[in-house]
Amino acid sequence: MAEVNVNLDAHSYTIHITTGGISRVGELMSKLSLGNKILIVTDDNVCPLYAATLSGSLVAAGFKPTVLAVTPGESSKSLTTANTVFTEAIASGLDRKSAIIALGGGVVGDLAGFVAASYLRGVPFIQVPTTLLAQVDSSVGGKTAVNHELGKNLIGAFYQPRMVAIDPQVLDTLNDRELKAGLAEVVKYGVIADSDFFTYLQDNASALLARDPVVLTHVIGKCCQIKANIVAQDERESSLRMILNFGHTIGHAIEAEGGYSEYNHGEGVAIGMHAAALISQHAGLCEQSQVTALKKLLNRLDLPLTAPGYHPKELVRYLVRDKKVLNGKVNWVLMSQIGHVEITHEITEDTIAAVLEQVT
Ligand SMILES: NC(=O)c1ccc[n+]([C@@H]2O[C@H](COP(=O)([O-])OP(=O)(O)OC[C@H]3O[C@@H](n4cnc5c(N)ncnc54)[C@H](O)[C@@H]3O)[C@@H](O)[C@H]2O)c1
Ligand SMILES: O=C(O)C(=O)C[C@@H](O)[C@H](O)[C@H](O)COP(=O)(O)O
Ligand SMILES: [Zn+2]
């Protein structure tokens, strides 16, 4: 079993990465001094695949789990669905030591984490991520949220899980589109923090698409380690953590403009990273060769680079609600070269408009 620690003083926790690990969650949780009642939040796709194994492991460890499955998809990241989860928590008699487990992708993780942060002003939260995207990104770092009709993740809290249990084997049932969405966030880590890792991804693109278990497990561990290092230095995104948002300013706008159904999060991030790279080049921050390298890798991983038919003016409307806006100015995460990013608000509206034309 590989372990990655997220060092946050009293809120520190361990990410356990192990094949078949879903059946060991109960055993790992029994070390956390939790109450015996547990609420597993999952979705209707994941529930029939993995809820019984997870529940079985909890029962074997002496816990009393109940399961609530929500509708799959981004529409469940809503206050309405959160209220359904609150109702289930109350009806099941969860107390302050009862844990809520997120079993699913980033949607379930963000939703269940938001509920765990606010139910009884906070109950223990466990992440059991089942998409690649959730295993490399959303289950780590404590960003929880639901969406508002005016924008993505606008209502939420920083709330760290007590433990993350990653079982790479569950990716066997994930479809190719969702696997590739996770690869977009994987590429992000290479761009923001580690050019050697970016080279590894270039060299192993075929193996990743073929779901080579050794390569996938290595990549999951590496991404968790990079994210843990960043979060440990800046838990609440006052500065450094903003780099984890590379590609997200325009990515979120594209997701929202498509009604959260045309492009999934990873696809939005892929287009957004391409746009961020182009902005970097327009602003004279990086050379064209770096943009080309990013485009080639995203292409190789069969991820989109543009959102044809979208209108720049519509996309611009979302930018003002980006969470990195300070004093009315967007803080852009831009690339100086693969492996290094910078944060700046000194980007002209003309540059943004020109790049949005290029990616739509
Ligand atoms: N909190 C964070 O730091 C953070 C980071 C990145 C993304 N996110 C959020 O995560 C969400 C996207 O997460 P996602 O890409 O995991 O999408 P998702 O949760 O919608 O899952 C994608 C699809 O895969 C299905 N699925 C999940 N696991 C499966 C499995 N093992 N086998 C078969 N099907 C499976 C789901 O039912 C769903 O239909 C977005 O809302 C995004 O904003 C949050
Ligand atoms: O953990 C972070 O910090 C991130 O920014 C990770 C992103 O991949 C993730 O999509 C996050 O939910 C975006 O958050 P937001 O603050 O831009 O809503
Ligand atoms: Zn993301």
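The points below go from the overall fold to the domains, the ligand shells and individual residues.

1. Overall form. The model under review is predicted. The protein has 14 helices and 13 strands. Its C-alpha trace extends over about 60 × 40 × 35 Å along the principal axes. The radius of gyration of the protein is 20 Å, which agrees with the value near 21 Å that a compact globule of 360 residues would have.

2. Packing. Of the 360 residues, 51% count as buried. When contacts between residues at least 6 apart in sequence are considered, 76% of them join residues at least 24 apart.

3. Domains. The protein is divided into domain 1, residues 2-173, and domain 2, residues 176-358. Taken over C-alpha atoms, the centres of domain 1 and domain 2 are separated by 25 Å. Their contact takes 27 residues from domain 1 and 30 residues from domain 2.

4. The domain 1 side of the contact. Elements giving two or more residues to the side of domain 1 that touches domain 2 are β1 (2-6), β2 (13-17), α5 and β8 (151-158). Which element provides the largest share of this side? It is α5, with five residues. By class, this side of domain 1 has 16 nonpolar, eight polar and three charged residues.

5. An unreviewed UniProt entry places the feature "domain: 3-dehydroquinate synthase C-terminal" at residues 182-325. Over residues 182-325 the chain is 67% helix and 1% strand. The end C-alpha atoms of this stretch are 26 Å apart.

6. The unreviewed UniProt entry places the feature "binding site" at Glu-185, His-248 and His-265. These residues span 81 residues in sequence, yet no two of their C-alpha atoms are more than 10.1 Å apart, so they gather at one spot.

7. Glu-185. This residue is in helix α6, residues 176-193. Glu-185 counts as buried because it has 27 C-beta neighbours inside 10 Å, the cut-off being 20 or more. Residues up to four places away in sequence not being counted, Glu-185 touches Leu-133, Val-136, Asp-137, Gly-266 and Val-269.

8. His-265. Helix α11, residues 265-282, contains His-265. Is this residue buried or exposed? His-265 is buried, because 26 other C-beta atoms lie within 10 Å. Leaving aside neighbours within four places in sequence, His-265 is in contact with Gly-106, Leu-133, Ala-181 and Glu-255.

9. Leu-133. This residue belongs to helix α5, residues 132-138, and counts as buried with 28 C-beta neighbours inside 10 Å. Not counting residues up to four places away in sequence, Leu-133 touches Gly-105, Gly-106, Ser-138, Ala-181, Gly-182, Glu-185, His-265 and Gly-266. Leu-133 and Gly-266 are 133 residues apart along the chain, while their C-alpha atoms are separated by 7.6 Å.

10. Ligand 1. How many residues surround ligand 1? There are 31, and the closest are Asn-45, Gly-105, Gly-106, Thr-131 and Ser-138. The elements that give two or more residues to this shell are α4 (106-118), α5, α6 and α11. By class, the shell around ligand 1 has ten nonpolar, 14 polar and seven charged residues. At least three residues are drawn from each of domain 1 and domain 2.

11. Ligand 2. The residues surrounding ligand 2 are Asp-137, Gly-141, Lys-143, Lys-152, Asn-153, Glu-185, Glu-237, Arg-241, Leu-244, Asn-245, His-248 and Lys-323. By class, the shell around ligand 2 has one nonpolar, four polar and seven charged residues. Domain 1 and domain 2 each give at least three residues to the shell around ligand 2.

12. Points to check against the model.

Key. Residues are numbered from 1 along each chain as its sequence is written. Chains are lettered from A and ligands numbered from 1 in the order in which they are written. This is a predicted model: local features need pLDDT of at least 70, side-chain atom pairs count only at pLDDT 80 or more; totals for chains, interfaces and linings use all residues. UniProt positions are given in the numbering used here, feature names are shortened, and annotations may be inferred rather than shown by experiment. Helices (H or I, at least four residues) and strands (E, at least two) are DSSP runs, numbered from the N terminus. A residue is buried if 20 or more other C-beta atoms lie within 10 Å of its own, exposed if 12 or fewer, and partly exposed in between; C-beta atoms are placed from the backbone. Two residues are in contact if their C-beta atoms, placed from the backbone, lie within 7 Å. The radius of gyration is taken over C-alpha atoms; the globule rule is 2.2 Å times the number of residues to the power 0.38. A residue is near a molecule or strand if its C-beta atom, placed from the backbone, lies within 6 Å of it. Ala, Val, Leu, Ile, Met, Phe, Trp, Tyr, Cys and Pro count as nonpolar, Asp, Glu, Lys and Arg as charged, and the others, Gly among them, as polar. Domain bounds come from an automatic or database domain assignment.
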